[in-house]
Amino acid sequence: PVDRGDAAGTNLYDLRGGDWSPVLCAGTAIDELRGKLGPPPAPAGTLLAKRLSPWAAARLFGDDGTVEARTLPCAVAVGSGDNPCSLVGCFASAPGEGAASGAVSVSLGTSDTACLATGPWASEAFATPEPGASDGRLPRSLLAEPCGMGNALPSAAARGACLAMACLTRTGGAIARAAVGRSVAASHDAVEREAWATVAKAATNDETLDSIVVAMDRFANVLASMRPSDDVVAAVERATEGEAAPGAAYVALALLQAACLALSFGARAAKSSGSGGGGRVFVTGGGSRSRFLCCAVAWAFGATTVQRLRQSGNTAGLGAAIIASSAIAPETLTFHPAPELVESFDVPAVAAAETGNDSEAVAHLIDRCLRGISIAP
């Protein structure tokens, strides 16, 4: 069987009933779809077998006579999708438990995603931007995409818990950031330094601040006018044509992407689910290696602390390994990582150190940039 998280991603799974929905299956154009989907989805980590079947062994090891390998015990368990596994790898897959409990997990990758562990499924746990949530600076079409309004997935680790998830593709994710970054500098480290230098200058220079705000508006309008088949790289390159301050453009795009994700996902999800963010975000994905991008996410979500893996942004891989291990040794399923796995840093302190400005000056700058597009308290 597939796991419940991947099943929910098909929009054919009944979250309350815990099985494929006959009503939704019957509403498709596929004859007898329910029967083709197989048995009811199982929780991630469910142990299915303790030894490979001959059919599976032959496909894993081939017909090379490796009899010893085929006869070794090999547990077979139900896995899960990347986002549910990622929340396990963030040690935040159950509300109220773990090192990152109650924190929104944000993945900065090809698309930007936010997840939060909630209690049992309830529609009010998911954010829907209210009329007037954007005051007009941010085109509504940047938010009004089906995958951007939120999805519900059963937790991969905590029975009875769900994940509230928002995924934004229209804002370009890492692809757009890389395209703008190339106009700033040749290396990631140099782009990082230029981003902080731009924030430092904008904190005391209104002209630089205005260039960030103008660039945010320009990016918002260009990205909002894109069709699904359009090239996001070409779109952001059009938006930066003639840009005299490429550093300001990079800062603007990072803040815009973070603000869109925060507005689509929203602090309301955390409040209504009873799992308040506690002023923290857990950032994963390739973008988590950048302290500037981590801070941009924290600023948009109103968090003061960032958590991330020390060695790698691959929380999905770590979560999948934890789930696989728990199938044969349930006690290994943990929400409390070893201290050497996770690091935390204080966002105001990092911003002050990187810019040479006091934290209040940086906070005022960010407030002016996000004003009108960040979620209302």
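Me: How many bridges join β5 to β6, and in what sense do the strands run?
Reply: Four bridges join β5 (residues 104-108) to β6, and the two run antiparallel. Strands are DSSP runs of E with at least two residues, helices runs of H or I with at least four, all numbered from the N terminus. Two strands pair if DSSP finds at least two bridges between them. This is a predicted model, where local features need pLDDT of at least 70, side-chain atom pairs count only at pLDDT 80 or more, and totals for chains, interfaces and linings use all residues. Residues are numbered from 1 along each chain as its sequence is written, and side-chain values use heavy atoms, with hydrogens and water left out.

Me: What sits between β5 and β6?
Reply: Three residues; the two strands form a hairpin. Ser107 has Thr113 in β6 as its bridge partner.

Me: And which residue in β8 stands opposite Leu116?
Reply: Ala164. β6 and β8 (residues 162-168) are antiparallel, joined by seven bridges.

Me: Is β6 mostly covered or open?
Reply: Mostly covered: seven of its seven residues (112-118) are buried, meaning under 20% relative accessible area with a 1.4 Å probe and protein chains only; exposed is over 50%, partly exposed in between.

Me: Which residues are on which side of β6?
Reply: Asp112, Ala114, Leu116 and Thr118 are on one side, Thr113, Cys115 and Ala117 on the other, and all are buried. In a regular strand the side chains alternate between the two faces of the sheet.

Me: Switching to β10. Why is it called largely enclosed?
Reply: Because four of its five residues (305-309) are buried, the rest of the structure largely encloses β10.

Me: How does the chain get from β9 to β10?
Reply: Through helix α13 (residues 291-301), in a right-handed β-α-β crossover; that is, with the strands pointing away from the viewer, the path from the first strand over the helix to the second runs clockwise. β9 (residues 280-284) and β10 pair in the parallel sense over three bridges.

Me: What about β10 and β11?
Reply: Antiparallel, over five bridges. Val306 has Phe345 in β11 as its bridge partner.

Me: Last topic, the second largest pocket. Which residues lie nearest its centre?
Reply: His188, Tyr250, Arg289, Ser290 and Leu293, out of 19 lining residues. On a 1 Å grid over the protein atoms alone, a pocket is an open set of points where a 1.4 Å probe fits, with protein on both sides within 12 Å along at least five of seven lines; lining residues have an atom within 4 Å of a point.

Me: Which helix gives the most to that lining?
Reply: α7, with five residues.
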